[in-house]
Amino acid sequence: MMVDVAFQPNRVGGAARKRQSLRVALKRKSTAAFLMTLPLILLIGILVVYPAFYSLHLATLNKSMQRFVGLGNFQFLFKRDTFWLVVEQSCIFAITAVLFKALIGFVVAHFIHNIPAKGQRKWRGMLLVPWVIPPAMSTLAWLWLFDPSYSAFNYTLSLLGIGPIPWTGDADWARFSVILVNVWYGAPFFMIMYLASLKSVPDQLYEAAAIDGANWWQRIWYVTLPMMRNIIAITTLFSLIVTFANFDIVRILTTGGPLDHTHIFATYAFRIGIEGSDIPLGASISLFMVPILAIAAVFILRDINKRGNEA
Amino acid sequence: MSRKLSRRQFVAATALSSAALITAPYVRGAHAAGKLTMGFWDHWVPGANKASTDLVNEWAAKEKVEVSIDYIPSQGNKNLLTIAAEAQAKSGHDILAMPTWWPHANSELMEPVNDIMEPLIKQNGEVNGTVQYLGQLDGKWLGVPSCVGSQIKGPCSRIDLMKKLANIDVQEMYPVGAPPKADNWTMDTFLKAAEACHKGGFPFGIGLGETTDNVDTAGAIFQSFGAQLVDAKGNLTVKTDAVRQALDFYKKLIAFLPADASAWDDASNNRWLVSGRGAMIMNPPSAWAVARRDAPQVAEQCWTHGFPSGPKGRFAPFLPYFWTTWNFSKNKEAAKSLLVYLSQSAAVEKMVTASGGYDLPSFQKQTTFKVWAEEGPPKGTLFHYPDPYKHQTLSIAASPAPPKVAQQIYARATLTKMCLRHYQGESMEKDAGLGGRRVRRLYAELSVRSSCSCRAERDRCNAHPPPIRFVGSRRAVGFPTGD
């Protein structure tokens, strides 16, 4: 009996401590944050991580997906001219498009920034329109504008005695067309990011620069750009990833033609994997983006970390 | 209070219950024979899906099966994505409509349907060679040819323009209710007509892009010259006179086609005809059907007819659909029963009529329905669409190469790309070499990466890869090294 009495309070105390520690754990900010992000983590796990590993697994199989071939698919791709054409085109497409998006976004952000606050919201809204329309829909409109036989652009140019221009029929023009549509779609994203960044640059810096006699160009070079560096780097990286993985614009406008000159990784992977019923080879093509983007990410993010440490 | 059951009472109760059970009528549930799911091709002719739905429901009511139909569009290749997803998941519809190459591409996962195909052939007549080529593997039928979605992509000409500019009366050449009088309808006549219509300002609308309509036309023209990139045994036959002739023919033809033909997709030729800008396109009657709605003055001048013949015969592109059953389907017996029901002539006629004559049955005895003679305007415009007098060979581009190789040639539009490069001035040898290299790699892919269906065959391929020969080439090529 004595033993029972002595034992009982101990047991109650242990359970209470457990409950208390659970309560403390739940009260901890990090636990709450983890629980709140858990649905998203699970979603990413199911929709991103699992497919990523599955595509890695697929890339190591033979065409009928019955046998492990290791890096055989990649070896096969490396010996193909068309694949290297796709690599070249993907790099041209992504780098050119991101450069122009950044440039146009930067210029337009400055214009918007200089508009009085009252009218700014209207312009911001209008300039965001290309970015908020799903590209699969807006590209259809571009397809009509570039249509080989009924191009509205060619009709307009013909009134000036120019053309007709083979927008999607000639390799160089087709490359230009898909890049143009991508720039049109993506520039507003850069614009809005740069605008937010511009607004956070303290006015005192510009005042100090003005006192020092800095001209317009010097103010941009020595004040604006250094203050926007991190945003520029992150936006560029983000856009580079999205542009490299683009599918809809090329698929709708040219389906990779003429003569495969506008294929990028995603459209070529679709052509080989789905239309050619060779899913492992298609998976290998799409995975080829990973090392390219990883190298870009290392370079761009390393720079950000350096400045972070200096700060 | 408990009442004890006596032995006598127990025996009496048991006997009564047994008698009641035996004599009671069998009440069959509405879905006693289980469930059946199907993924059919989503027809673009309004109302055509309804005919399929009605037929399936009729069968389901008779057989007491619960049915569920998904209509899957081919726009954006959604049907191809569904096929790939179901093959990966090993789960999906009990019946799935697959176009052209896909039964072969998934042959390892297909339930053989010889048990229903053989009686159907006896009943409905033979199927054409392309259906055999695409639907059979080593004597195993991979699917039942479906009339829904199957099509011939033959010429659809403007009666007035062909008469005026090329001096060809297409109605006289292909009269309603009578065999074609098309002996003079050759590739030479076709080329002269293309030139005349081009000069007259109404060029033929034949594309050179990478989509199927463009590839199909190139395939039929190559075959009419006897030009094959890979033969039925898997030998490379790129560097041959036949391929050179076909490329030369295309070079002459391209000069008379619209300047932007290299950028054409599958909608471009339809627009070309409907807008009244061209004298001929190569398409099933969908373009004419759109013209009937949007440009009746164009539609009433359209005539669908046979392909011109080349030195090796008259070939027309035929793209069949198949109704297939996965080997992991849950209700294979019900699926086969439905496929037999849908392949009866009465059912096929209903579906063909609902499609306005667009759909083409593959069985010999099902190509003379009234609908093709009656559709119009002009009346009888589709009479020769199903090739009722069998005066052309129905074929598919890249055949007779082994289907898994041919699919790669077809999907990558190797034929139109070769024609375009040749036209743009790349030398014949370089061009043929390019095709050769490309196809050789495809062949390498097939054998080295092993898509052979059975293990023994796969091991054989890997251990002793089949030699590849260039027919007509001095260069003896052994196993591809991937140059």
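Me: Let's start with two helices of chain B: how do α2(B) and α16(B) lie to each other?
Reply: The axes of α2 (residues 48–63) and α16 (residues 345–354) of chain B come within 7 Å and cross at roughly 160°. Axes are lines fitted to C-alpha atoms, for helices over the stretch in contact, and angles run from 0 to 180 degrees between N-to-C directions. Angles under 35 degrees count as roughly parallel, 65 to 115 as roughly perpendicular, over 145 as roughly antiparallel, and the rest as oblique. α2(B) and α16(B) are therefore roughly antiparallel.

Me: Before we go on, what kind of model is this?
Reply: Residues are numbered from 1 along each chain as its sequence is written, while chains are lettered from A and ligands numbered from 1 in the order in which they are written. Local features need pLDDT of at least 70, side-chain atom pairs count only at pLDDT 80 or more, and totals for chains, interfaces and linings use all residues, since this is a predicted model.

Me: Back to the helix pair: which residues of α16(B) meet α2(B)?
Reply: Contact is judged between C-beta atoms, placed from the backbone, that lie within 7 Å. On the α2(B) side the residues are A48(B), K50(B), A51(B), S52(B) and L55(B). Their partners in α16(B) are A347(B), K350(B), M351(B) and A354(B).

Me: How many residues of that contact are nonpolar?
Reply: Ala, Val, Leu, Ile, Met, Phe, Trp, Tyr, Cys and Pro count as nonpolar, Asp, Glu, Lys and Arg as charged, and the others, Gly among them, as polar. In the contact of α2(B) with α16(B), 1 residue is polar and 2 are charged. The nonpolar ones number 6.

Me: How many helices and strands does chain B have?
Reply: Both are DSSP runs numbered from the N terminus: helices are H or I with at least four residues, strands E with at least two. By that count, chain B has 21 helices and 11 strands.

Me: In what order do the strands of the open sheet in chain B stand?
Reply: Two strands pair if DSSP finds at least two bridges between them. β7 (residues 155–158) is joined to β8 (residues 280–282) by 3 bridges, antiparallel, in chain B. With β9 (residues 302–304) of chain B, β7(B) again pairs in the antiparallel sense over 3 bridges. The order in chain B is β8-β7-β9.

Me: At what angle does α13(B) run to β9(B)?
Reply: Helix α13 (residues 286–294) of chain B has buried residues, including W288(B) and R292(B). The buried residues of α13(B) pack against β7, α12 (268–274), β8, α14 (296–299) and β9 of chain B. The helix lies across β7, β8 and β9 of chain B, and its angle to β9(B) is about 155°.

Me: And A406(B): how many C-beta neighbours does this residue have inside 10 Å?
Reply: A406(B) sits in helix α18 of chain B. Leaving aside neighbours within four places in sequence, A406(B) is in contact with A398(B), S399(B) and A401(B). A406(B) counts as buried because its C-beta neighbours inside 10 Å number 26.

Me: How many residues of chain A are in contact with chain B?
Reply: Chain B brings 32 residues to this contact, and chain A brings 25.
The residues on the side of chain B divide into 12 nonpolar, 10 polar and 10 charged.

Me: Finally, in chain A, how does α6(A) lie to α8(A)?
Reply: The axes of α6 (residues 135–146) and α8 (residues 171–199) of chain A come within 11 Å and cross at roughly 135°. That makes α6(A) and α8(A) oblique.

Definitions and conventions. Contact = placed C-beta atoms within 7 Å. Buried ≥ 20, exposed ≤ 12 C-beta atoms within 10 Å, placed from the backbone.
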